[in-house]
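This report walks through one protein model, beginning with a sheet and ending with some details of the backbone. Please keep the sequence and the structure in view while reading.

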Amino acid sequence: MRACVAGWGTAVPDLRLTNAELEDRVKTTDAWIVERTGIRERRIARPDETTASLATEAGAAAIKQAGLSPLDVDLLIVATATPEQPIPHTGAFVGDGLGLHCGSFDLGAGCAGFVYELVTGAALLTGGGLEHVLVIGAEVLSRIIDPTDRTTAVLFGDGAAALVLEASSEHAPDDGPGLLAFDLGCDGSLARLLEIPAGGSRLPTSVETLDQRLQYLKMQGPEVFRRAVRTVVDSANTALGRAGMASSDVDWFIPHQANARIIDAAAHRLGIPAERTIVNIDRYGNTSAASIPLAISEAADAGDLQAGDVVLLSGFGAGMTWGSAVLRWGRA
Ligand code: ACO
């Protein structure tokens with residue numbers, strides 16, 4: 001038995017923030033951003049848009065696309081680094097918005113969060129007797145970015161995307177659709193490379209932490225960059241090896257959209273050509289846990305993903321976490 005993708009959906013804010021507009025806010029240029037990151041614009045949530053509202057919209061679209069009703073969903077997982085509020089978890093709000101009656105939880109694994117929830121949802125489908133699991137990656141990163149910090153303000157955007165996972169029959173053929181293999185990892189000794197220092201039990205929010213702007217994301221960009229390419233390549237190769245495949249078997253490489261240069265370098269080292277690599281960072285920036293499902297959904301809507309295609313996903317992020325998955329596209 002395997003976990004297959006039955007439906008997908010996205011929700012992004014209408015509001016676009018272009019590089020030209022950022023030039024007016026921080027000391028940067030369109031040329032620097034495009035050359036160093038590949039980003040041209042990103043979506044920014046309006047005050048009434050939140051992680052839960054975007055996740056709910058994406059989840060509803062995925063359930064509809066799968067031809068299901070909310071009551072068919074047996075479990076909801078929301079991967080996010082920007083929860084609706086500290087308590088309760090974001091899934092409580094999303095489940096209420098969608099009219100779900102099932103259990104839910106949030107999953108935190110930075111930008112690798114989507115791969116982690118895909119693997120977790122798949123395990124509960126194949127080993128836990130569930131029939132449908134809704135996995136959503138949703139972020140409103142614009143609320144944790146220091147608007148005066150040019151090293152992060154240009155990189156991140158808001159958005160959400162959802163997949164409905166369904167269990168295949170118990171006697172699925174070897175070449176049938178579904179999750180084939182994965183690799184997950186985390187090196188916590190690198191936690192300080194990408195963090196929001198304040199607002200948790202270690203350093204609760206105070207007047208001092210606000211004065212020091214410690215409620216905002218801090219990133220050692222070049223160090224993350226240096227490790228990201230190696231991490232993605234090693235993890236993707238591990239997942240491919242576990243699937244008994246090589247990069248030449250991959251029809252579509254859908255990496256986390258953090259930086260076009262990281263994507264290009266990783267694809268090159270993996271030996272996957274640009275025409276088989278899905279890139280949408282130019283239009284959305286880095287949307288953390290939403291980035292891989294957003295790219296999957298756009299590729300599926302465009303008709304690029306065909307039943308039987310082998311899809312390689314790979315993400316990395318705060319932690320540092322990483323996660324790769326190999327799946328064969330198609331419904332159960
Ligand atoms: N505009 C103009 N100049 C800038 C900007 C900017 N927005 N930001 C930095 N610079 C300057 C720097 O100050 C530096 O100037 P200097 O040479 O005078 O000191 C110069 O540009 C080069 O800066 P670097 O930081 O070395 O530039 P780099 O090529 O490394 O690009 C970037 C920076 C884009 C942040 C890159 O390091 C990167 O993408 N890192 C990985 C980020 C990432 O993947 N994060 C994962 C997030 S996942 C999650 O879990 C949230």
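## The four-stranded sheet

Four strands make up an open sheet in the order β8-β13-β12-β11, and their pairing is mixed; strands here are DSSP runs of E of at least two residues, helices are runs of H or I of at least four residues, both are numbered from the N terminus, and two strands pair if DSSP finds at least two bridges between them. Because β8 (178–186) and β11 (252–255) stand at the edges with a single partner strand each, one side of each has no neighbour in the sheet. From one strand to the next the twist averages 10 degrees.

Strand β12 (residues 310–317) runs antiparallel to β13 and is joined to it by eight bridges, and leucine 312 has valine 326 in β13 as its bridge partner. Helix α5 (residues 113–128) lies across β8, β12 and β13 and runs at about 130 degrees to β8, where axes are lines fitted to C-alpha atoms, for helices over the stretch in contact, and angles run from 0 to 180 degrees between N-to-C directions.

## Basis of the model

This is a predicted model, in which local features need pLDDT of at least 70 and side-chain atom pairs count only at pLDDT 80 or more, while totals for chains, interfaces and linings use all residues. Residues are numbered from 1 along each chain as its sequence is written, and side-chain values use heavy atoms, with hydrogens and water left out.

## The five-stranded sheet

A further open sheet has five strands in the order β1-β7-β6-β4-β5, again with mixed pairing. Its edge strands are β1 and β5 (103–107), each of which pairs on one side only, and the twist averages 20 degrees from one strand to the next.

Nine bridges connect strand β6 (residues 132–140) with strand β7 (residues 158–167), and the two run antiparallel; leucine 134 stands opposite valine 164 in β7. Helix α3 (residues 51–65) packs on this sheet and touches β1, β6 and β7, its direction making about 130 degrees with that of β1. Helix α11 (residues 291–301) also packs on the sheet, touching β1, β6 and β7, with a direction about 70 degrees from that of β7.

## An aromatic pair

Rings of Phe, Tyr and Trp (its six-membered ring) pair if their centres lie within 6.5 Å, and planes under 30 degrees apart count as stacked, over 60 as edge-to-face and the rest as tilted; by this rule there is one aromatic pair. Tryptophan 8 and tryptophan 329 form this tilted pair, with 5.5 Å from centre to centre and 50 degrees between the planes. Since tryptophan 8 lies in strand β1 (residues 3–11) and tryptophan 329 in the segment after β13 (321–328), the pair ties together parts that are 321 residues apart in sequence. Both tryptophan 8 and tryptophan 329 are buried (buried means under 20% relative accessible area, exposed over 50%, and partly exposed in between, with a 1.4 Å probe and protein chains only).

## Around the ligand

There are 27 residues around the ligand, and Thr28, Arg36, Cys111, Asn259 and Arg261 come nearest; a residue is counted if one of its heavy atoms lies within 4 Å of the molecule. An N or O atom in the side chain of threonine 28 is 2.6 Å from a nitrogen atom of the ligand, and an N or O atom in the side chain of asparagine 259 is 2.7 Å from an oxygen atom of the ligand. At cysteine 111, a polar backbone atom is 3.2 Å from an oxygen atom of the ligand.

Threonine 90 is found in helix α4 (residues 90–98) and, at 0% relative accessibility, counts as buried. Leaving aside neighbours within four places in sequence, threonine 90 is in contact (heavy atoms within 4.5 Å) with Thr51, Ala52, Val78, Thr80, Pro83, Glu84 and Asp106.

Proline 83, in the loop between β4 (75–79) and α4, is partly exposed, with a relative accessible area of 42%.

## Backbone details

A cis peptide bond, with omega about -5 degrees, joins isoleucine 87 and proline 88, and proline 88 is placed in the loop between β4 and α4. The peptide bond from glycine 319 to methionine 320 is also cis, with omega near -15 degrees, and methionine 320 lies in the loop between β12 and β13.

Conventions. A polar contact is a pair of N or O atoms within 3.5 Å; within protein, one must be able to donate a hydrogen and the other to accept it, and residues adjacent in sequence count only if both atoms are side-chain atoms.
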